Structure formats: C-alpha cells, structure tokens
Amino acid sequence: MTKAASPSVPAQGRLRRALAAFGAFLQAMESTSFDYSLDRIERLEREVARLQLEMREGREPGAVEARNTGAGAPGPRP
C-alpha cells in the first residue's frame, strides 16, 4: 500500500513549487497606473461611505440636541 501512495508525493511537491513560483511572479510584478487608480478609487469610496454615515448620524434628533447643549451653542434669549 505504501508504494501506491508514494507517486502522489512528488506530484504534490510539483504543485507546491508551481504555486510558489506563481506567487513570486505576482509579487515581482510592478504596480501599474491602473492599479494606482483602482487604489485611489477604493479609498475615495471608503471616504464617501464614512461621510454618508456621519451625515446620517447628524440627522438623528438626539444628535442635534446633543450639539445644542454644548458650551459653544447659543442659549435661549430672555
């Protein structure tokens, strides 16, 4: 039974070497202007999502009252 299992071991070694070579190839590739543009777009999309969340939180009634009770908020006129 051990003789039947031994031929698969070298095949696994070849697959690992091929995957390692492919991984090294991907790491060696330089980033292009297209990659740079995609990264910038991704950062901008995250920023827009963050700003939208802040605006939603600012529209909640409790958030407005919390801002008006601060030290810089004008009080009611006598």
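**View 1. Glu 47 and Arg 50 form a salt bridge, with 2.5 Å between the closest N and O atoms.** A salt bridge here is a side-chain nitrogen of Lys or Arg within 4 Å of a carboxyl oxygen of Asp or Glu. Both Glu 47 and Arg 50 belong to helix α3, where they are three residues apart, about one turn of the helix. Glu 47 is partly exposed at a relative accessible area of 35%, and Arg 50 is partly exposed at 39%. (Buried means under 20% relative accessible area, exposed over 50%, and partly exposed in between, with a 1.4 Å probe and protein chains only.) The model is predicted, so local features need pLDDT of at least 70 and side-chain atom pairs count only at pLDDT 80 or more, while totals for chains, interfaces and linings use all residues. Residues are numbered from 1 along each chain as its sequence is written, and side-chain values use heavy atoms, with hydrogens and water left out.

**View 2. Arg 50 also meets Glu 54 in a salt bridge, at 2.4 Å from N to O.** Glu 54 and Arg 50 are four residues apart in helix α3, and therefore about one helical turn separates them. Glu 54 counts as partly exposed, at 41% relative accessibility.

**View 3. Glu 42 pairs with Arg 46 in a salt bridge whose closest N and O atoms are 3.2 Å apart.** Because Glu 42 and Arg 46 are four residues apart in helix α3 (residues 33-59), they are separated by about one helical turn. Glu 42 is partly exposed, with 42% relative accessibility. A search of the whole structure finds three salt bridges.

**View 4. Phe 22, Phe 25, Leu 26 and Met 29 make up a nonpolar surface patch.** Together these residues have about 430 Å² of accessible area. Patches consist of residues with over 30% relative accessible area and no salt bridge, like charges being joined within 9 Å and nonpolar side chains (Val, Leu, Ile, Met, Phe, Trp, Tyr) within 5 Å. Leu 26 lies in helix α2 (residues 8-28) and is partly exposed at 45% relative accessibility.

**View 5. The protein chain holds four helices and zero strands.** Helices (H or I, at least four residues) and strands (E, at least two) are DSSP runs, numbered from the N terminus. Of the 78 residues of the chain, 3% count as buried. The accessible surface of the chain is about 7,500 Å², with 61% belonging to carbon and sulfur atoms; areas come from the Shrake-Rupley method with a 1.4 Å probe, and for residues only the protein chains shown count as cover.
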